[in-house]
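Please look at the sequence and the model first.

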Amino acid sequence: MKGYKVIILMLLILYSPVCRASEENDLWLLLSSYEDIGITTKDLAFFLVTHGYNAEPASNQSYVTVKLKGGNEVYITPNGASPRLGDLWMTPPTTETGPIKVISNDAIRINITYAQTSDTEFIKTISRYTIFPVTPLGMCYDGSQKLENAYKSLGDKVIFLYDPSGFASQGHIWVAVEDKAHPDTWLAVDSYYGAMTDPEYYTAPYSFTDFKYLDSINPKWRLA
């Protein structure tokens, strides 16, 4: 009989953390299964209570405290327009630190004009390396990435230039390749038309070296 008690006690010890982890996983799954742009902490707390959680908004209304059955407390801040209803915190979030900058100051440059190269040999090399059009007209997003891969394989520095109002407000993106023999001079290249001498191609509302930053410029709209 004593042996059975030992086994049961061991099972309880082993099972307890699994239960706690399962509670947190289940809560995360619930939060991930819904979205609500305008949800408040009161709305979020009410939503969680209706799903069986012991939840209440904090006194400052900036987050929701959830007391799990295993004894742990977790904290949730509404997510606004981002995926899921909220973000999970292990400790109560504070508002004292202010916003956290996630993009460096020079990652995206605004309204910059780039100096155009006049090196004819460099222009010929860049123009001949790729057959134009790289992609069909209107597919400049794919085409600019293909140009980036092609020119970087030559060891060239490439930047993206983006005009959100270009091409009848559909937005237009192209690349500029630095002339290594003449630093800080560039050749603008359109994925459909090829090398460009038009001064408009050397000034853009936004320019950046990593294509991922395009998502930080384009709004993500939602329909009501």
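The model is predicted; local features are given only at a pLDDT of at least 70 and side-chain atom pairs only at pLDDT 80 or more, while totals for chains, interfaces and linings use all residues. Numbering starts from 1 along each chain as its sequence is written, and side-chain values use heavy atoms, with hydrogens and water left out.

**Overall make-up**

The chain's secondary structure comes to six helices and 11 strands. Helices (H or I, at least four residues) and strands (E, at least two) are DSSP runs, numbered from the N terminus. Of the 224 residues, 33% count as buried. Buried means under 20% relative accessible area, exposed over 50%, and partly exposed in between, with a 1.4 Å probe and protein chains only. Among contacts (heavy atoms within 4.5 Å) with a separation of 6 or more, 54% come from residues 24 or more positions apart.

**Nonpolar cores**

A nonpolar core is a set of buried Ala, Val, Leu, Ile, Met, Phe, Trp, Tyr and Cys residues joined through side-chain atoms within 4.5 Å. The largest core has 31 residues, and the members that touch the most others are I126, Y151, L161, I173, V175, V189 and F208. At least two residues of this core come from each of α3 (120-129), α4, β7 (158-163), β8 (172-178), β9 (185-190), β11 (203-208) and α6 (214-217). Another core, of 16 residues, lies apart from it and includes L30, F47, V64 and L85.

**Helix α2**

In helix α2 (residues 41-50), the buried residues are T41, L44, A45, F47 and L48. They lie on the same side of α2 because they cover an arc of only 160° around the axis, the arc being that of the directions from the helix axis to the C-beta atoms. K42 and F46, on the other side of α2, are exposed. After α2 comes G52, with a positive phi near 90°.

**Two single residues**

E148 is part of helix α4 (residues 140-153). E148 counts as buried because its relative accessibility is 11%. Leaving out neighbours within four places in sequence, E148 is in contact with V158, F160 and T209.

T91 is in the loop between β4 (86-89) and β5 (108-113), and it counts as exposed because its relative accessibility is 52%. The C-alpha atoms of T91 and V74 are separated by 6.9 Å, with the two residues 17 apart along the chain.

**Cavity and pocket**

On a 1 Å grid over the protein atoms alone, a cavity is a set of points where a 1.4 Å probe fits but cannot get out, and a pocket is an open set with protein on both sides within 12 Å along at least five of seven lines; lining residues have an atom within 4 Å of a point. Grid points are joined across faces, edges and corners, and a volume is the space filled by probe spheres set on the points. In the whole structure, one cavity of 30 Å³ or more is found.

| Space | Volume | Lining residues |
|---|---|---|
| Largest cavity | about 40 Å³ | T135, P136, L137, G138, M139, C140, F167, H172, D190, S191 and Y192 |
| Largest pocket | about 190 Å³ | D106, A107, R109, Y114, K157, I159, W186, S207, F208 and T209 |
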